[in-house]
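This report describes a protein chain shown by its sequence and its structure.

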Amino acid sequence: MGSFVNRGNESFSRARNSQIYIDKTGLLNYTNSVINTEQSYICVSRPRRFGKTLTAGMLMAYYCRGCNSETLFTDLAIADSPSFKKHLNQYDVIHLDIAYLLVQIKNPSKTISCLQEYVIEELKTIYPSILSDDEQMLPFALSKIHQAKGAAFIIIIDEWDAIFREDRYDTNAQREYIQLLRGLFKGEQSKDFVKLAYITGILPIKKYNSESALNNFDEFTMAGPKRLAEYVGFTESEVARLCQEYDMDFSEAARWYDGYSFPRMKHVYNPNSIVKAMLSGEYDNYWTKTVTYESLKNYISMNFDGLKDCVVQMLAGGRCHVNTDTFENDMTSFKSRDDVLTVLIHLGYLAYDRDRKEVYVPNEEVRTAFANAVGGTDWTPVVEAMEKSRRLLTDTWNKDEEAVAKGVEMVHMANVSLLEYNNENALSCVITLAYYHAVNEYPLIRELPSGNGCADLVFLPRKYSDKPAMVVELKYNHSAQSAIWQIKEKHYPKALEDYKGNLLLVGIGYDKKTKIHSCRIQEWAAGGRPEHD
């Protein structure tokens, strides 16, 4: 077994021996179905710690000639497929980890030439007397081997985009790399010796003048994972089983690590963080601890119109429209707010609703990363609003109506250019930012169907909390008292009729003419009637 050609199955064997292993071998059904077809060029882009390298190891173990991997797969999903034995250990597999090579070679200008040299040297030992001593071009070497021996290759490139991320300004190294990829994957000759190409990275394939340099690849990204959506991370059912096995609260797992959603898969969890949480027995911020928040701070601080407004809106639980088509898939060609938001989708800091073309902060783990990043910026009004949200929550529990009204007004006035009112949705964003730290005690439910309508905001205490539930009704250009009346008239508390704890009705109004906020707070007794009017 070599370092680059037919490396073996040790990587996948280690994964199988781990305390937690989730079966994702269904992916092999797809790759088997496209081998030696026009769809055999696959680019899968995922954030860090979303299982890219583990998947590459699985592919290598399954396809690698001479690996004898059958026992590693016999109890997994792929073993039930008719294609299982047809492709098992039948191909020469070339595996390249570009990030590893950059670290080892330490000279971007030599990375590509060294890469080709190392692989060719291994090919010479596997197929002696075919390649000349001065052979330097890997595509030509593979073509010669195929012509002489009929050998079929599967090429796996892990972290394919590392050159564009780590050496983002070295255009010569990037150009040489793209030329190598073109030689391997473009043209009629490459179709003879490449039966399957599977490349992984954080970024999709780089665009040049709106066209991909490798436009024959099918791309499966965080903005569009298509048929491979269930292999992006852990699914809801997989996480539910783990929570049961490790005696962990499933609702907390969802709060911390869910939030990525695709048309084919509505709940996708961060796999690395789920594994760490299960093994440690604690929910915490695991994923963002592996990457510096400094990069996130740099992205959200970029001077593009509307970017700051959008970040604040998402911190307040809102969403922003985005056009993902303009992004050129590198770390240097940012031209607009949409480009920054799109790279944050690919980095995993934002989730993307493809149907509505909107981005949002997916979960508590990422929300804490955004909070840390904003804390490192010069966005003083936003930082102050977040810091004072704890006081506002206490004032609400104490039914201090005047303090709550002043607290909400402070958040609005401090961020008036970002959160300017024009309807109750804008008022909702201000309220959510004002109650930023409420997430530690409550999940926030927007537009909860109840009685004869929908309650604007409902704060339902978490299992461990002794705090009251809160139904919050917002009235733009109406009084807070009218908001309380609406809560009662439309029977909004019916949504919480199974809830046995204390309940607060909170009405918040804003007078457009006077620009003054008002607040009314009432307790709702367990018997279903207000304690006072």
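## Lys-463, an exposed loop residue

Lys-463 is exposed, with a relative accessible area of 74%; exposed denotes over 50% relative accessible area, buried under 20%, and partly exposed the range in between, with a 1.4 Å probe and protein chains only. Lys-463 is placed in the loop between β15 (453-459) and β16 (469-476). Helices (H or I, at least four residues) and strands (E, at least two) are DSSP runs, numbered from the N terminus.

Residues up to four places away in sequence aside, Lys-463 touches Asp-249 and Ser-251, where contact means heavy atoms within 4.5 Å. Lys-463 and Lys-515 are 52 residues apart in sequence, and their C-alpha atoms are 38 Å apart in space.

## Basis of the model

The model is predicted: local features need pLDDT of at least 70 and side-chain atom pairs count only at pLDDT 80 or more, while totals for chains, interfaces and linings use all residues. Residues are numbered from 1 along each chain as its sequence is written, and side-chain values use heavy atoms, with hydrogens and water left out.

## Two buried helical residues

Thr-111 belongs to helix α7 (residues 108-126). Its relative accessible area is 1%, so Thr-111 counts as buried. Not counting residues up to four places away in sequence, Thr-111 touches Leu-102 and Ile-105.

Phe-84 is located in helix α5 (residues 84-87) and is buried, at 3% relative accessibility. With neighbours within four places in sequence left aside, Phe-84 is in contact with Tyr-62, Glu-70, Phe-73, Ile-78 and Ala-79. Phe-84 and Met-1 are 83 residues apart along the chain, and 23 Å separates their C-alpha atoms.

## Positive phi at two asparagines

Most residues other than glycine have a negative phi. Asn-6 has a phi near 50 degrees, a positive value in a residue other than glycine. Asn-6 lies in the segment before α1 (10-17) and is buried, with a relative accessible area of 8%.

Asn-36 also is not a glycine and has a positive phi, of about 60 degrees. The position of Asn-36 is in the loop between α2 (26-34) and β1 (41-45).

## Helix packing

Two packed helices are described by the angle between their axes and the distance between the axes. Here the axes are lines fitted to C-alpha atoms, for helices over the stretch in contact, and angles run from 0 to 180 degrees between N-to-C directions. Helix α18 (residues 364-375) packs on helix α19 (residues 380-397) at an angle of about 130 degrees, with the axes 9 Å apart. This angle makes α18 oblique to α19; angles under 35 degrees count as roughly parallel, over 145 as roughly antiparallel, 65 to 115 as roughly perpendicular and the rest as oblique. The crossing of α18 and α19 is left-handed, that is, the near helix is turned anticlockwise from the far one by less than a right angle. Ala-371, Val-374 and Gly-375 of α18 and Val-382, Val-383 and Met-386 of α19 make the contact. These comprise five nonpolar residues, one polar residue and no charged residues; Ala, Val, Leu, Ile, Met, Phe, Trp, Tyr, Cys and Pro count as nonpolar, Asp, Glu, Lys and Arg as charged, and the others, Gly among them, as polar.

The axes of α1 and helix α3 (residues 52-63) come within 7 Å and cross at roughly 115 degrees, in a left-handed crossing. Ser-11, Phe-12 and Ala-15 of α1 form this contact with Leu-54, Gly-57, Met-58 and Ala-61 of α3; by class, five are nonpolar, two polar and none charged. Helix α16 (residues 307-315) and helix α17 (residues 337-347) have axes 9 Å apart and pack at about 40 degrees, which means that α16 is oblique to α17. Leu-307, Cys-310 and Met-314 in α16 meet Arg-337, Val-340 and Leu-341 in α17, a contact with five nonpolar residues, no polar residues and one charged residue.

## The chain as a whole

The protein chain has 22 helices and 18 strands. Of its 533 residues, 57% count as buried. Along the principal axes, the C-alpha atoms fill a box of roughly 95 × 50 × 35 Å.

The chain exposes about 23,500 Å², of which carbon and sulfur atoms supply 46%; accessible areas come from the Shrake-Rupley method with a 1.4 Å probe, and for residues only the protein chains shown count as cover. Among contacts between residues at least 6 apart in sequence, 68% join residues at least 24 apart.
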